[in-house]
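Subject: Structure handover

Hi,

Here is the structure I said I would pass on.

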Amino acid sequence: MRYAKVVTPSQMQLMELVKPFIKEQFTLVFEAPVVSRTLGLWGKVDAVALTKSESIPVEVKLETSPEKLKKMALHHIVQVIAYAVAVEETFKLPAKRALIVSVEGGTAFEFSVSPALRELVYRLSKELWRVVEEEKIPRPTPVKKRCSACFYRKFCSRL
Ligand code: SF4
């Protein structure tokens, strides 16, 4: 394993959690800036594991148990899949899977970047850009409990 730069203790922990999932030599790039032209999105991924044949986005979450991690809300999954697409386009290596890691909880699991999830992310990004271009505020979610943790609470017409 190679490190892309000097690492902190929590990054060392992250590396130890990632290692069992990657059977070959890899480089871990921390806080990797990524961009997707196809989605029209960019961002910074917590880490990306690069092998000769694949790029694997690594997303760090605060949840401390595997059960909680596996029950992640859809928006977290969508975020990770969007990162996977951006990682693939940035590093020019296929992203077939993603890793979700809780450094605090010492747990990690992987899930497949499936064609169905990719399709969902492409559809949502088109919808996002349509909203931006038409300057139309999207309808509130029918699932009210989502609002309690929403970043846009302050601006939303529902509240
Ligand atoms: S607060 Fe508004 S934007 Fe946020 S989830 Fe609820 S309806 Fe959606």
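A word on naming to begin with: helices (H or I, at least four residues) and strands (E, at least two) are DSSP runs, numbered from the N terminus. Residue numbers start from 1 along each chain, following the sequence as written. Bear in mind that the model is predicted, so local features need pLDDT of at least 70 and side-chain atom pairs count only at pLDDT 80 or more, while totals for chains, interfaces and linings use all residues.

Overall layout

The chain contains four helices and six strands, and their order along the sequence is β-α-β-β-β-α-α-β-β-α. I call a residue buried if 20 or more other C-beta atoms lie within 10 Å of its own, exposed if 12 or fewer, and partly exposed in between, with C-beta atoms placed from the backbone. By that count, 24% of the 159 residues are buried. Contacts are pairs whose C-beta atoms, placed from the backbone, lie within 7 Å. Among contacts in the chain with a separation of 6 or more, 63% join residues 24 or more positions apart.

The core

A nonpolar core here is a set of buried Ala, Val, Leu, Ile, Met, Phe, Trp, Tyr and Cys residues joined through C-beta atoms within 7 Å. The largest one has 32 residues, and Ala-47, Val-48, Ala-49 and Ala-84 touch the most other members. At least two residues each come from helix H1 (9–18), strands S2 (27–36), S3 (41–50), S4 (55–60) and S5 (97–102), and helices H3 and H4. H3 gives the largest share, eight residues. Leaving out residues up to four places away in sequence, Ala-84 touches Pro-57, Ala-95, Ala-98 and Val-113.

H3 against H4

How do these two helices cross? The axes of H3 (residues 74–91) and H4 (residues 115–134) come within 9 Å and cross at roughly 90°. Axes are lines fitted to C-alpha atoms, for helices over the stretch in contact, and angles run from 0 to 180 degrees between N-to-C directions. That makes H3 roughly perpendicular to H4, a label for angles of 65 to 115 degrees (under 35 is roughly parallel, over 145 roughly antiparallel, the rest oblique).

On the H3 side the contact uses Ile-77, Val-78, Ile-81, Ala-82 and Val-85, which meet Leu-117, Arg-118, Leu-120, Val-121 and Leu-124 of H4. By class, this contact has nine nonpolar, no polar and one charged residues. For the classes, Ala, Val, Leu, Ile, Met, Phe, Trp, Tyr, Cys and Pro are nonpolar, Asp, Glu, Lys and Arg are charged, and the others, Gly among them, are polar.

Val-78, in H3, is partly exposed because it has 15 C-beta neighbours inside 10 Å. Apart from neighbours within four places in sequence, Val-78 is in contact with Leu-120, Val-121 and Leu-124.

Most residues other than glycine have a negative phi. Glu-31, not a glycine, has a positive phi of about 45°; Glu-31 sits in strand S2 and counts as exposed, with 12 C-beta neighbours inside 10 Å. Lys-92 is not a glycine either, and has a positive phi of about 55°. Lys-92 lies in the loop between H3 and S5 and is exposed, with 8 other C-beta atoms within 10 Å. From Lys-92 to Glu-54, 38 residues apart along the chain, the C-alpha separation is 8.8 Å.

Cheers

Conventions: Contact = placed C-beta atoms within 7 Å.
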